[in-house]
Amino acid sequence: MADAAQELSNALTELALDLRWSWNHAADELWQKLDPERWDLTRNAWVVLQTVSRDRLQAVAADAEFKQTLDRLIEEKNQRAAAAHWFQKTHGDSRLKTVAYFSMEFMLSDALPIYSGGLGNVAGDQLKSAGDLGVPVIGIGLLYQRGYFRQHIDAQGRQRALYPYNDPGQLPITPVRTKDGEWVSVALDLPGFQLQVRTWQAQVGSTRLYLLDTNDLSNLPEYRGITSELYGGDTLTRIAQEFVLGVAGWRLLCQLGIRPEVCHLNEGHAAFAVLERARCYMADTKQPFDVALEVTRAGNIFTTHTPVAAGFDRFSPDIVDSTLRQYAERELGISMPQLMALGRMNANDTGEPFNMAYLAMRGSGAVNGVSRLHGEVSRHIFQDLFPRWPIPEAPIGYVTNGIHVPTWDGIEADEVWTRSCGKTRWRGDLRSVEACFRKATREDLWTMRTKARRRLIDFVRKQLSRQFAGHGASAEEIGNMGRIFDPDTLTMGFARRFATYKRPNLLLHNPERLLRILTNRKYPVQLILAGKGHPQDGAGQEMIRQWIEFIRTTPARSQAVFLSDYDMRMTEHLVQGVDLWLNTPRRPWEACGTSGMKILCNGGLNFSELDGWWAEASAPDVGWELGDGREHGDDPAWDAAEAEQLYTLLEEKIIPEFYQRDQSGIPAAWMEKICESMARLTPAFSSNRAVREYTEKFYLPAAERFQARAADDGKLGKDLVNWRRSLAEHWPRLRFGALNVESGGNQHSFHVQAYLDELDPEAVQVELYADQGGGAEPFRRAMKRGELLAGSMNAFGYTACVPAERPAADFTPRIVPFHAGADVPLEAPQILWYR
């Protein structure tokens, strides 16, 4: 019996250490049977297994049904590991073998609380989908001793930040060990001290996440706390965290013998990884830093999530000097001015802070925003790095974020999706998903919604009862919370970080009108709110207090609730059960937003500002939109106008539509929107689509570019360094001569003289340019180089003909850098216009 219990324990350990259990619930019955109370409280399989008694293990080892389920799950796990997935079937012969994905946070499960919000949500969901699709991505992050704060809200609505300790022994992670069993540690040389960075790994389905922490007993106390809190501490702690993430993260991969072709920076926090990647290349090839960076940047991708320039991490010159001087001079072989230039707009401005986003831009071969609108916003933000280039040509694309549907769909929704589209629907290219889902009936979908809403209300009642008990409420008050809300009433949700630009109090702009909406007996509405204000954001916390006061002091207390300690598990319940999701940010400050995406697969509908992803998705047949699609800043008058629009749409269109029922009690028009939203938008805004888009649009080309530059001992990289040096030396003396334009025969003929100083004419391209307007791609045509101009050393005539479909005055010649192996203007921002 002891051997059987040990064998069973080993198999359970294999399952519990794979975070797939957090989104695939096939093993739930096992953890429930082991310890139903602890499983219900924690939803942490590893904690259940760590705390279960040996007697209990021996008891379930004798349970044939338990053992049969466990054996089946282990067999399925092995089959998944051996199977060929989308990537292997579609791109198995590519040169892409590994993508290293760096992020300050990953939202995978509350069992591993190393996340704050949106950035971690994107990172976690993309890591999960990469595993589902077989894309060879591995994650690199930090293991925080205390993570992001937990929230306590007292009876008066005041927020208190709590920081419980994350005991590694109770987290579903294991130390990274060598083949000999030694715990892998990464050493970083700091001024006067060598920092030891411990390493851990989490299994996330078929991929891995490596985590770094500095809480090593051999470190000085002030260094042990570097990885204490996510987004906590002062600027010295912040730069130290980012140094550990980027430098120790890439160094760990090298120590493990992993050499990724592609490095994906999820925000600028991880930008130091581009330096360490270059250093590793230097060590392997004996090339200098400039060549190493030129070679390796081709394989780096920078994803920016920031909608305003003020959101980028900036560090003062003295802090960068104290942290990185030794690394720059001894390990990179460059001076501090050279390093600082990588993070500055003006390399010669010694007072300018070091901008991590600039370092990421200058160390990457591709850059993208996280929605179509955010791509446009980012081109404006980074325009100063490409002076005189038209904004549409700023080298920033976009991949709209998506969510990992298996994580966020509820039990009821999963059953409908499975009946319609099969169990493996989110592991392929999704081509048939929309058509398959349309087989679902209105009756099935309405039953799904009714059950999900009821389950959400059960969750709200339990949470509020615990919340009120924590406030010292009376037994009567606690009992009332256990009966709050009606399972048949329209349920709205608003949950996110409380910050002024997100306008979480827009709905509270006119409290009396909101109260009338909530207490309308003909069309009743109930509202669930949740969210945290950053501990240093007094304005955000004050908005939470205002909502609590409104709920506590008006008749809204029976129709509205504020749930404290908004986390991943609470999010799951909310997005699975609400009928209507509200989102009210100031456009364009919501780079993408994923909360509204999570309700799509569950049959909830969106009522949102035309910002981020909703600016792409919104249509009259899938939801409702707020605003006019333009930008108004923080104008109070516009806030008032949008609040009026918000109330009017709720009163006159949205709420009545929910209660307009047919003879069978189904809201026909509402259900039409649900059917269309689920079928059309769910696959389009899934992380499956996003990861496939990253793979084909960025990862595969980046791997090819890196391999090309690294070939022949970095020959192309050296050539590019020399090309850029030549551009820098001669560009100031380039000039245009005479321009001659002739129109006739339905075409315009342009002839312009260009004087190139001593620059190789192959190093530039003379183009004819015209703005297309309306955000369309500009017209660009390379002009043909003619003979050397008489009496000149390096001047040529260039010609081009274009159809006379628009005035000749619309066109102008320009000179831009050109190299077949370079991305211009990302790698060479010079430009010279004729006028």
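Modeller: We can, bearing in mind that this is a predicted model. Helix 12 (residues 289–296) is a place to start: 7 of its 8 residues are buried, so the helix is largely enclosed by the rest of the structure.

Colleague: Which residues of helix 12 are buried?

Modeller: Buried here means under 20% relative accessible area. In helix 12, the residues that count as buried are Phe289, Val291, Ala292, Leu293, Glu294, Val295 and Thr296.

Colleague: What covers the buried residues of helix 12?

Modeller: The buried share of helix 12 is 7 of 8 residues, so the helix is largely enclosed. The cover includes one strand, strand 10 (300–303). It also includes helix 11 (272–285), helix 13 (317–332), helix 14 (336–342), helix 15 (356–362) and helix 29 (687–730).

Colleague: Helix 29 holds Tyr694 and Phe698. How are the rings of Tyr694 and Phe698 placed relative to each other?

Modeller: The structure holds 30 aromatic pairs. In the pair of Tyr694 and Phe698, the ring centres are 5.9 Å apart and the planes meet at 45°. Planes under 30 degrees apart count as stacked and those over 60 as edge-to-face, so at 45° this pair is tilted.

Colleague: How many residues apart are Tyr694 and Phe698, and are they buried or exposed?

Modeller: Tyr694 has 2% relative accessibility and counts as buried. Phe698, with a relative accessible area of 7%, is buried too. Along helix 29 they are separated by about one helical turn, being 4 residues apart.

Colleague: How many disulfides does the structure hold, and how far is Cys280 from the nearest cysteine sulfur?

Modeller: The structure holds 0 disulfides. Cys280 is in none, and its nearest cysteine sulfur belongs to Cys254. A disulfide needs sulfur atoms within 2.5 Å, whereas the sulfur of Cys254 is 3.1 Å away.

Colleague: In what order do the strands of the open sheet run, and which are at the edges?

Modeller: The sheet has 4 strands in the order 24-23-27-28, paired antiparallel. Strand 24 (779–782) and strand 28 (832–833) each pair on one side only. The edge strands are therefore strand 24 and strand 28.

Colleague: How many bridges does strand 23 form with strand 27 and with strand 24?

Modeller: Strand 23 (residues 764–770) is mostly covered, with 6 of its 7 residues buried. On the strand 27 side, Gln765 stands opposite Val816; on the strand 24 side, Ala770 has Phe779 as its bridge partner. The bridges number 6 with strand 27 and 4 with strand 24.

Colleague: Which residue of strand 28 is the bridge partner of Arg814?

Modeller: Strand 27 (residues 812–817) pairs with strand 28 in the antiparallel sense over 2 bridges. Across from Arg814, the partner in strand 28 is Trp833.

Colleague: Is Gln526 buried or exposed, and which backbone oxygen lies 2.8 Å from a polar atom of its side chain?

Modeller: Gln526 belongs to strand 16 (residues 525–530) and counts as buried, at 1% relative accessibility. Its contacts beyond four places in sequence include Ile457, Phe485, Leu490, Met492 and Gln559.

Colleague: Last one: what is the relative accessibility of Phe102?

Modeller: Phe102 is in strand 1 (residues 99–102). Leaving aside neighbours within four places in sequence, it touches residues including Ile140, Leu245, Trp250, Leu253, Cys263 and His264. Phe102 counts as buried, its relative accessibility being 0%.

Terms used:
Residues numbered from 1 in each chain as written. Predicted model: local features only at pLDDT ≥ 70, side-chain atom pairs only at ≥ 80, totals over all residues. Heavy atoms only, no water. Buried < 20%, exposed > 50% of the residue type's maximum accessible area, 1.4 Å probe, protein only. Contact = heavy atoms within 4.5 Å. Phe/Tyr/Trp six-rings, centres within 6.5 Å; stacked < 30°, edge-to-face > 60°.
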